[in-house]
Amino acid sequence: MKWFISHNTIRSSFQLTLEKECGEKVSHCYQCGKCSAGCPIAFQMDYLPNQIIRMTQLGMEQQVLSSRTIWLCASCLTCTVRCPREIDIAEIMDYLRRQAYKKGIIPVEETEIPLFNKIFLRNIELFGRLYEMGLIGMFNMLSGEFFKDVFLAPKMFLKQKISIFPPRVKNIKETRAIFKRSGKLGKAHRDKLLNPRLLFLNLSRKIIGKIAKRDNS
Amino acid sequence: MKYAYFPGCSLHSTAKEYDLSTKEVARALGIELIEIPDWICCGATPAHITMHLLSLALPVKNLLKAKEMDSFEVVTCCAACFSRLKIANHFMQNDNKHRKNVEEIVGEPYKGEVKVRHFLDVLINVFGLKNLTERVTNKLSGLKVACYYGCLLTRPPEITQLDDLEEPHLMDDLMKVLDAEPVKWPYKTECCGASFSLTKTDIVLKLSGDILQMAHDEGAQAIVVACPLCQSNLDLRQAAIKKKYKKDFNIPILYFTQLVGLSLGIEPKKLGLDKHIVNPLPLLKERKVLVDK
Amino acid sequence: MKIGVFVCHCGTNIAGTVDVERVSQAASKFPKVKHSASYKYMCSNPGQNLVKDAIKKHKLDRIVIASCSPSLHEKTFRKCVEAAGINPYLIEMANIREHCSWVHKDREKATQKAIELTRLAVSKVSRNKPLEKTYTTIEKKVLIIGGGISGIQAAIDIAFANYPAVIVEREPSIGGRMARFDKTFPTLDCAACILTPKMVTVSQSEHVTMHTYSEIEEVSGFVGNFTVKIRKKARSVDINKCTGCGACYNKCPVKVPSEFDMGLGKRKAIYTPFPQAVPNVPVIDRENCLYFKTKKCGICKKICTVGAIDYDMKDEVIEEKFGAIIVATGFNQFDHSVYGEYGYGKHKDMITGLHFERMVNSSGPTGGKIIRPSDGKEVRDVVFIQCVGSRDEQKGLPYCSRLCCMYTAKHALLLREHNKDSQAYVFYIDIRAAGKNYEEFVKKVQDEYGAIYLRGRVSRIFEKGGKLIVRGADTLSGAQIEIKADLVVLATGLVAQKDAPSLAQMLHIPYDKNNLFTEAHPKLAPVETITSGIFLTGACQSPKDIPDTVATASAASVKALGLMVQDKLAREPLIASVNQDLCSGCLACLKACPFSAIEEDEIEDRKLRRKRTVAKVREAVCTGCGNCTAVCRMAAIDLEGFTNTQIMEEVETL
């Protein structure tokens with residue numbers, strides 16, 4: 001990767017807005033790498049957490065927002081509680097994900113998590129409480145993992161751990177109003193589950209992958 | 001002892017046994033739990049990832065409902081709900097800007113006045129271990145357990161204010177009172193993969209597999225948890241871990257409330273011990289800790 | 001009265017923003033001003049001559065210099081006018097540089113301000129009084145607090161100049177931290193070989209007195225005349241009778257962990273910390289001694305052929321006078337038990353750098369073998385972690401401890417020298433090897449001794465299967481690193497001694513938020529404190545390695561000797577004085593004075609015909625800070641050089 005920097009990139013609104021909106025000083029980071037050292041998910045990430053922070057310091061907005069890392073962060077807070085510079089790295093990851101949603105930048109290889117979050121929230125907005133069958137069904141359908149966990153389902157039914165019917169909350173309008181107002185105040189895009197083009201790309205990727213796998217075996 | 005009870009979505013579905021056992025234990029010990037009427041989801045991880053204000057407004061709405069019950073203390077069992085409720089309270093107490101926005105969203109003033117407690121905290125710090133010792137009729141002697149706390153029970157410490165950050169010990173203390181044997185192990189607060197159960201199952205298999213391996217290596221016969229997500233990852237995914245890593249741990253994953261219930265002499269079925277994927281009953285029979293009926 | 005005003009260009013420093021000529025012209029029209037002039041550099045020789053010549057030519061009797069801050073050149077110009085025959089306290093400086101040209105851009109407004117500042121100085125000087133310096137005697141003896149390498153070097157330097165020095169050391173022996181080290185970077189000469197001869201020199205010097213096992217109890221007085229109370233703790237062994245034969249500690253039945261060996265070895269209840277101790281006289285640790293616990297035993301007393309054991313010995317407090325004090329109290333090691341992620345310091349096979357020093361030392365508790373404290377097995381994979389406590393605002397210190405990079409490199413080298421099959425892994429954030437031959441040393445450790453340097457902090461250490469699992473990162477390769485270590489060595493940072501604040505308060509010297517003593521100026525007065533006569537050396541001021549410690553020790557000695565060679569000490573007359581007739585006796589000033597320079601006095605009130613309490617300034621102690629004048633409700637206290645009439649004259653001119 002080559003990155004041309006000048007005062008414009010260093011003083012870009014990216015870092016400034018981040019520091020203002022989530023109150024975390026990215027510029028504090030002195031790159032000790034303790035966040036990366038303790039991250040349980042780092043083995044799957046394209047950039048280590050410390051690299052994400054470094055790229056943010058250098059104003060690499062596009063690269064940061066389209067990284068897989070920000071979606072793979074599990075919000076376990078291990079980095080946050082151990083950071084010697086007292087930077088809430090998990091909060092920064094949250095912020096970056098919200099930015100990525102706003103800007104519609106989501107890597108094709110990493111659609112599951114953003115998709116899941118959106119479906120989850122849609123689910124809550126509709127029913128007030130989590131309707132697990134609805135969530136799993138919808139997720140499997142849209143993510144292309146049509147038969148995921150189908151073997152587990154009967155067991156769960158028998159043990160009454162999953163219900164076919166959605167839960168009922170009396171005053172559901174109240175909950176929906178909260179979603180509506182939060183979206184408005186937070187200036188978040190709530191309308192679409194995800195960009196349809198992205199969903200399509202992901203689906204085709206999954207299907208092609210499955211066919212390729214079958215051909216190989 | 002009277003509390004507003006916030007079970008959260010999981011305890012009404014995948015973690016039904018946590019809900020059952022909590023209520024049984026509370027009843028047996030005279031702790032009154034009154035479920036918040038019409039509670040809604042706390043928003044969990046997806047909310048704070050997607051919309052920050054929503055992740056505060058949903059818990060606040062629930063806390064306001066508890067306030068209407070004239071109950072100023074809310075008890076929850078789910079570590080994720082606990083974390084979200086606590087964080088929302090923290091923002092409402094300390095951050096004027098967010099408080100104003102959230103008050104506008106929920107349409108009511110709220111300054112974080114409803115106290116949030118985890119049931120573990122109530123059991124140990126309010127009911128008290130000493131009182132509990134006197135109530136134990138069925139000792140769990142010889143049962144070696146690994147107490148697993150996960151991420152959100154202790155982190156971040158300034159908000160959760162529950163237990164030691166790196167070496168939590170509340171559940172271990174509790175297990176000792178039941179005469180079970182908590183093993184010393186280093187993975188008490190390692191991440192299990194959390195909410196990636198559905199989306200990144202491979203990550204969950206790796207992380208949960210590591211946790212099971214460590215518990216196994218340190219001689220644990222069962223893992224005790226206080227979080228429905230941890231339980232489901234470790235229990236539900238054991239079959240897949242076996243398939244992928246060729247390791248058959250067959251370690252039951254129990255809620256601390258179930259073991260407390262057992263030691264109080266409550267029937268296994270009432271504690272939902274039949275609802276696990278990895279069946280704990282053979283182990284409990286072998287260890288002679290099941291109540292004879 | 002004939003006042004002369006001299007306005008300085010200071011190159012373009014002032015003239016760049018202020019119209020100096022206009023200031024000079026305006027000044028010439030001020031009341032009582034007889035002469036005014038400007039010059040490019042007034043502080044230069046020609047500049048000073050200009051002033052001197054003008055004084056003679058115009059018969060000037062008071063001078064105003066409009067130039068830089070008085071803290072820079074007031075002394076220069078006082079000397080200059082004194083040479084021309086004017087009392088040096090009849091000058092005033094108008095600061096038109098720091099207070100004007102440097103902070104303003106608008107030339108017109110800046111010039112106006114400069115004129116006003118000069119006008120104020122002219123009015124003030126018109127109220128100046130001639131003052132005379134006072135003189136005090138000097139006690140020709142230096143107190144050195146701390147008997148580590150720093151204090152030892154200072155004592156040697158002072159003794160070399162034939163002045164007496166007194167070392168007060170808390171431990172039973174002098175030697176300090178350095179006595180515990182094995183080898184020293186970057187030359188690898190053995191610490192004992194270079195330290196013990198110095199310890200012997202000190203003990204044999206006729207000019208040096210040592211009070212070991214002693215502590216400072218009280219300090220009063222001022223430069224040249226400090227009075228110090230020293231508590232000599234009961235050693236239970238008569239230092240004059242003991243021959244150091246060692247029979248007592250050989251036979252003592254009580255074994256306790258040795259502090260000197262960092263708990264890795266044992267010592268007896270009667271002990272000398274290490275074989276080369278100076279003085280070579282044991283001390284009884286009364287907390288562990290059987291005789292003191294149960295009144296039984298008494299073996300050491302029975303066995304001592306010279307009758308040196310004295311169970312009834314009591315603490316003794318002595319009082320001595322000193323002309324100067326050198327503070328050489330050194331450092332403490334950061335306590336890493338705050339790191340929960342590293343197991344709260346409970347892992348047996350996780351040690352600190354000082355433990356490693358003892359272990360690698362051939363006369364240490366393991367005889368130079370590097371082993372695991374848990375099972376005594378030899379080590380193979382050893383992980384070194386730098387910056388433990390240092391550069392960590394969350395759990396430790398904001399600063400860099402400065403020597404950990406170097407001593408860790410040294411440890412990695414010694415490890416390989418002692419154990420050919422071993423492998424060192426060093427986790428670092430930055431390598432700070434700025435010193436003569438330091439960088440070369442680190443490179444040698446990497447190149448020739450095969451130490452693997454990994455750039456990243458360690459996030460977690462836990463025990464598994466008898467090993468310590470170390471989880472870190474190498475940010476250079478972008479990889480997480482996991483090492484199964486036999487031994488983990490933490491390069492814990494250097495912190496101030498626990499009781500540093502109380503000593504600082506006793507000495508009236510400032511300390512910073514990290515409890516490190518503060519020097520008078522970070523660059524230009526690094527070994528002085530703002531309390532004159534008290535000097536700093538070594539790591540009590542900031543983390544320092546041995547070369548820097550020795551250098552500051554010699555520097556502090558020179559400063560102390562500079563006082564010793566004076567016959568008498570001139571003191572600035574710019575001090576406070578109380579008009580006792582006006583004083584109401586509220587004594588608010590007494591509380592406000594940070595130097596304890598105000599005392600109660602009793603006078604006969606002629607009007608009331610009875611005695612009453614008033615304040616009095618101890619002139620020798622007063623530093624002229626002005627706190628007392630500010631709190632005095634009766635305006636009864638005046639500060640010479642800044643008297644109320646002077647200030648009022650200025651205010652009225654505005």
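**Group meeting: a walk through the model**

Let's start at one residue, I223(B). Setting aside neighbours within four places in sequence, I223(B) is in contact with V145(B), A146(B), Y148(B), A215(B), L234(B), I251(B) and I253(B). Please keep in mind that this is a predicted model.

Now, staying in chain B, let me take you to helix α10, residues 201-217. How far apart are the end C-alpha atoms of α10(B)? They are 24 Å apart, and since 17 residues at 1.5 Å a residue should span 24 Å, the two figures agree. Quite a few of its residues are buried, among them T201(B), I203(B), V204(B), L205(B) and L207(B). Further along the helix, the buried list also includes I211(B), L212(B), M214(B) and A215(B). What do the buried residues of α10(B) pack against? The answer is β5, β7 (222-225), α11 (228-236) and α12 (238-245), which belong to chain B too. Just after α10(B) comes G219(B), with a positive phi of about 90°.

Next, some backbone details to look for on your screens.

In chain B, the bond between R155(B) and P156(B) is cis, with omega about -10°. P156(B) sits in the loop between β5 (144-148) and α8 (157-160).

Over in chain C, there is a cis peptide bond from F185(C) to P186(C), again with omega near -10°. You'll find P186(C) in the loop between β7 (165-168) and α7 (191-204). L188(C) is also in the loop between β7 and α7 of chain C, and although L188(C) is not a glycine, its phi is positive, about 65°. Is L188(C) buried or partly exposed? It has 13 C-beta neighbours inside 10 Å, so it counts as partly exposed.

R391(C) is another residue other than glycine with a positive phi, this one near 50°. Look for it in the loop between β19 (381-388) and α12 (404-418) of chain C. R391(C) has 22 C-beta neighbours inside 10 Å, and therefore counts as buried.

Let's zoom out to chain C as a whole. It has 654 residues, of which 48% count as buried. Its secondary structure comes to 18 helices and 32 strands. Along the principal axes, its C-alpha atoms fill a box of roughly 90 × 70 × 45 Å. And if you take contacts in chain C between residues at least 6 apart in sequence, 70% of them join residues at least 24 apart.

Last stop: where chain A meets chain C. Here 17 residues of chain A are in contact with 18 residues of chain C. On the chain A side, α3 (34-38) and α4 (49-57) each supply at least two residues. Which element of chain A gives the most to the side that touches chain C? That would be α3(A), with four residues. By type, the chain A side divides into seven nonpolar, six polar and four charged residues.

That's the tour. Thanks, everyone!

Conventions:
Residues are numbered from 1 along each chain as its sequence is written. Chains are lettered from A and ligands numbered from 1 in the order in which they are written. This is a predicted model: local features need pLDDT of at least 70, side-chain atom pairs count only at pLDDT 80 or more; totals for chains, interfaces and linings use all residues. A residue is buried if 20 or more other C-beta atoms lie within 10 Å of its own, exposed if 12 or fewer, and partly exposed in between; C-beta atoms are placed from the backbone. Two residues are in contact if their C-beta atoms, placed from the backbone, lie within 7 Å. The expected span of a helix is 1.5 Å times one less than its number of residues. Ala, Val, Leu, Ile, Met, Phe, Trp, Tyr, Cys and Pro count as nonpolar, Asp, Glu, Lys and Arg as charged, and the others, Gly among them, as polar.
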